[in-house]
Number of protein chains: 2
Amino acid sequence: MHRGYRTLVTCAAAVEQRAVKPESEVPGMSAYLDSLRWNNDGLVAVIAQHVDTGEVLMQAYSDRNAICETLQTGLATFYSRSRRERWCKGETSGHFIKVSRVFADCDKDSIIYLGDPIGPACHTGAKTCWFSEAQVGDDGGVSTCGKHEHHAAHSPATTLYALERTIQQRRDEMGQQKEGKPSWTARLLADPVLLCKKVREEAGELCETLEAGEGAERAASEMADLLYHSMVLLNLQGVPMEDVMRVLRQRFGTSGIEEKAARPPKQ
Amino acid sequence: MHRGYRTLVTCAAAVEQRAVKPESEVPGMSAYLDSLRWNNDGLVAVIAQHVDTGEVLMQAYSDRNAICETLQTGLATFYSRSRRERWCKGETSGHFIKVSRVFADCDKDSIIYLGDPIGPACHTGAKTCWFSEAQVGDDGGVSTCGKHEHHAAHSPATTLYALERTIQQRRDEMGQQKEGKPSWTARLLADPVLLCKKVREEAGELCETLEAGEGAERAASEMADLLYHSMVLLNLQGVPMEDVMRVLRQRFGTSGIEEKAARPPKQ
C-alpha cells in the first residue's frame with residue numbers, strides 16, 4: 001500500500017511540475033507527429049498495454065497534443081471523444097498509467113503505450129476494460145458473460161496467467177467435497193513437502209536436458225513442468241506472477257520515457 | 001515447419017467447409033451484436049492479441065458481419081476500411097489468426113480477439129504490426145526507430161520477453177572483444193556447469209522460502225532468480241519462452257471458439 005501511495009503522490013507532483021512544451025519547441029516532435037496517419041477527426045487509436053503482464057489495459061484515441069504530451073510527461077494521455085478535450089488518464093482518479101515506451105504500427109494509425117498502471121485501468125474499478133466475454137455454446141449460440149466485479153474470470157488471460165487462474169481455482173475448491181480423485185494441483189497444494197520435492201526434481205530435469213543434450217522439445221517441456229510446479233509453490237505463498245515480473249523489470253529493465261521525464265531538470 | 005504447414009492446411013480447409021450463417025440464424029447473435037456500440041461507420045475497433053505471449057498482433061476494425069463470422073469460424077475476420085469489404089486475415093497470405101476467445105470492453109466499442117497466429121501477423125512479414133518506436137533522447141528530442149526487419153529490437157516487449165532479448169543480446173556479444181568484466185549472463189552462457197549448478201541452487205532457494213516461511217517478497221525474488229537462470233539455460237538450447245507457453249497451453253488450456261468451430265458438424 002505504502003509503495004502505491006508514494007508512487008501516486010510522485011505522479012501527481014510530476015504532472016504539476018512537468019511543463020509540457022508545444023510540439024514546435026520539442027526537437028523532432030512535429031516530424032514525428034507528421035509521420036502518423038490521423039483519421040478525419042485528427043485522431044489515432046491508442047492501446048495501453050501493461051509492461052509486466054502484457055494485459056491490454058484500455059483502448060482510446062489520441063490527437064497530436066495527447067501524443068506530444070505523453071512523450072514528454074511519460075503519463076498516458078488521450079483525447080476524450082465524448083468530452084472533446086484532452087484527457088490525462090488518472091488526473092482525477094489517481095490511476096495514472098506510467099508510459100515507458102511508445103510504438104506506432106505499420107500503417108501509423110495505431111499506437112501502443114507500453115506502461116505500468118497505478119491502480120485499476122478501467123473506470124469501473126476493474127483491472128482492465130475487458131471483462132465481458134462472448135461465449136459460444138456447443139450449439140453455436142452466443143451469449144455474454146462477465147461483469148466488472150468478475151474481471152478475473154472473464155478477461156483475456158494469456159497462457160501464463162490462465163494457468164495461474166487455474167491453480168487458484170483448484171485452491172478455492174479445496175474446501176469443497178468433490179467426487180473422484182483430487183487433481184494433481186490439489187495434491188501439490190495440500191502437500192508442501194511433495195511440492196518442494198517436485199520443484200527440486202523438475203529443476204534437475206531441466207538441467208539434464210542441457211547436460212545430456214536431450215533437445216529443444218524436451219527442454220521446453222521440462223521448463224513448462226518447472227514453471228507450473230513453481231507457480232503452485234508461489235500460490236501457496238500468495239505471490240502473483242505479476243510481482244515476479246515486476247522484480248525482473250526492476251533488475252533488468254532499461255529506463256523509459258517516464259523515468260526520463262521524472263528526472264529533475266538540468267540546471 | 002511440419003506442424004505449421006498442417007495447421008495452415010487445416011485452416012484453409014476449415015474456411016471452405018465452415019458455412020457462415022447470417023446473424024439471424026445463430027441463437028443470441030443479434031442480441032450480442034446489438035449490445036456492441038458501433039461507430040458512425042458501423043464499426044468497432046478490434047485488437048488481436050497473442051494468446052501465449054500477450055503480444056498485440058494487429059489492430060483493425062470490424063462490422064457486424066465480421067464479428068458474426070469470427071464467432072462462428074474461430075478465424076479473425078475484420079472489415080477493410082480501404083477496400084470497403086469483409087477481410088478474413090490470412091485468406092490470401094495463409095497467415096490466419098485462430099481466435100479462441102472474444103471480449104468487449106466496458107463501453108462495448110473495442111473488442112479483443114485472443115488467438116494463436118499462424119505465421120507473421122503483419123503484412124510486412126514482421127511478427128506484429130508494431131516495430132516503429134518513438135525514441136526520446138536525453139534532451140527530450142523525439143526520433144523514430146525501427147523497420148520491420150528489426151521487429152525484434154523495436155517492438156513492445158513485455159518484461160519476460162524483454163529479459164529474453166537481453167539474454168540473447170549477451171549471447172550475440174560473446175564473440176566480440178569487450179572491455180571490463182563480462183556480465184553475469186555472459187559468464188553463465190560460457191559455463192554450462194556453473195549455469196546448471198545455479199538453476200538447481202535457485203530452485204532450492206525458492207523451496208526454502210516456503211519451507212522456512214520467508215515471506216512473499218522473498219519468494220517473488222527467488223522465483224525471479226530461478227526464472228532468469230532457467231531462461232539462460234533455455235537460450236543455450238535455442239528454446240524461446242513462447243514454445244514453453246505453447247506447451248503449457250496445450251496441457252492446461254480449455255477449448256475455445258476455434259476448436260468448437262473445427263469440430264465436425266453433428267449428424
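The model is predicted, so local features need pLDDT of at least 70 and side-chain atom pairs count only at pLDDT 80 or more, while totals for chains, interfaces and linings use all residues. Residues are numbered from 1 along each chain as its sequence is written, chains are lettered from A in the order in which they are written, and side-chain values use heavy atoms, without hydrogens and water.

**The interface**

- The contact (heavy atoms within 4.5 Å) takes 98 residues from chain A and 99 residues from chain B.
- About 8,100 Å² is buried between chain A and chain B, with 66% of that area from carbon and sulfur atoms; buried area is the accessible area (1.4 Å probe) that two parts lose on being put together, summed over both.

- Arg81(A) pairs with Asp109(B) in a salt bridge, and their closest N and O atoms are 3.2 Å apart.
- On the side of chain A that touches chain B, α7(A) gives the largest share, 14 residues.
- That side of chain A divides into 56 nonpolar, 23 polar and 19 charged residues; here Ala, Val, Leu, Ile, Met, Phe, Trp, Tyr, Cys and Pro count as nonpolar, Asp, Glu, Lys and Arg as charged, and the others, Gly among them, as polar.

**The cavities**

- The structure holds 2 cavities of 30 Å³ or more; a cavity is a set of points on a 1 Å grid over the protein atoms alone where a 1.4 Å probe fits but cannot get out, and its lining residues have an atom within 4 Å of a point.
- The largest cavity has a volume of about 90 Å³, a volume being the space filled by probe spheres set on the points.
- Of the 13 residues lining the largest cavity, Thr53(A), Leu160(A), Tyr161(A), Thr53(B) and Tyr161(B) are the closest to its centre.
- The second largest cavity has a volume of about 30 Å³, and its lining includes Met223(A), Ser230(A), Met223(B) and Ser230(B).
- The lining of the second largest cavity has 6 nonpolar, 2 polar and no charged residues.

Conventions
On a 1 Å grid over the protein atoms alone, a cavity is a set of points where a 1.4 Å probe fits but cannot get out, and a pocket is an open set with protein on both sides within 12 Å along at least five of seven lines; lining residues have an atom within 4 Å of a point. A salt bridge is a side-chain nitrogen of Lys or Arg within 4 Å of a carboxyl oxygen of Asp or Glu. Helices (H or I, at least four residues) and strands (E, at least two) are DSSP runs, numbered from the N terminus.
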